[in-house]
Amino acid sequence: MDYWHLTVAAEERHVLFDGSEQLSDAAARLAAMFPAHTLFFCAVDDHLHLVLRGTRREAGQAARCVRRWLRATGRTVAPC
């Protein structure tokens, strides 16, 4: 297994998470999304970081899942 550092940012660094309630919700969702693979995560106002353990394919799936979740909540995510 390998380790992957994923960064997902808002387009043009606009705010993704406005305030502590949204940050808390994001942290809870990130922790629940990939419990077996997530080693570390950090959500700040305009981006988030995930450190995952797994295969390249699993890391790619995780990145796509996070981006879909953010888009589904109306947030604009920067292209990869």
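Two strands are taken to pair if DSSP finds at least two bridges between them. Helices (H or I, at least four residues) and strands (E, at least two) are DSSP runs, numbered from the N terminus. In strand β3, the bridge partner of Leu 6 is Leu 50. The model is a predicted one, where local features need pLDDT of at least 70, side-chain atom pairs count only at pLDDT 80 or more, and totals for chains, interfaces and linings use all residues. Residues are numbered from 1 along each chain as its sequence is written, and side-chain values use heavy atoms, with hydrogens and water left out.

The protein chain holds 2 helices and 3 strands. Along the sequence they follow the pattern β-α-β-β-α. The C-alpha atoms fill a box of roughly 35 × 25 × 20 Å, taken along the principal axes. The radius of gyration, taken over C-alpha atoms, is compared with a globule rule of 2.2 Å times the number of residues to the power 0.38. For 80 residues, a compact globule would have a value near 12 Å; the protein chain has 12 Å, which agrees.

The 3 strands form an open sheet. Their order is β1-β3-β2, and the pairing is antiparallel. Strands β1 (2-9) and β2 (38-43) are the edge strands, and each pairs on one side only. Neighbouring strands of this sheet are turned by 10° against each other on average, direction ignored. Axes here are lines fitted to C-alpha atoms, for helices over the stretch in contact, and angles run from 0 to 180 degrees between N-to-C directions.

Strand β3 covers residues 47-54 and pairs with β1 in the antiparallel sense over 8 bridges. On its other pairing, β3 joins β2 over 5 bridges, again in the antiparallel sense. Ala 43 has Leu 48 of β3 as its bridge partner. Strands β2 and β3 form a hairpin, with 3 residues between them.

Both helices lie across strands of the sheet. Helix α1 lies across β2 and β3 and runs at about 165° to β2. Helix α2 lies across β1 and β3 and runs at about 20° to β1.

The helices also meet each other. Two packed helices are described by the angle between their axes and the distance between the axes. The axes of α1 (residues 20-33) and α2 (residues 56-72) come within 12 Å and cross at roughly 145°. From α1, the contact (heavy atoms within 4.5 Å) involves Ala 26, Arg 29, Leu 30 and Met 33. From α2, Cys 65, Val 66 and Trp 69 take part. These residues divide into 6 nonpolar, no polar and 1 charged. In this scheme Ala, Val, Leu, Ile, Met, Phe, Trp, Tyr, Cys and Pro count as nonpolar, Asp, Glu, Lys and Arg as charged, and the others, Gly among them, as polar.

Of the 80 residues, 32% count as buried. Ala 59, found in helix α2, is buried, with a relative accessible area of 6%. Leaving aside residues up to four places away in sequence, Ala 59 touches Trp 4, Leu 6 and Leu 52. The C-alpha atoms of Ala 59 and Gly 19 are separated by 28 Å, and these residues are 40 apart along the chain. Across the protein chain, 61% of contacts between residues at least 6 apart in sequence join residues at least 24 apart.

Definitions and conventions. Buried means under 20% relative accessible area, exposed over 50%, partly exposed in between (1.4 Å probe, protein chains only).
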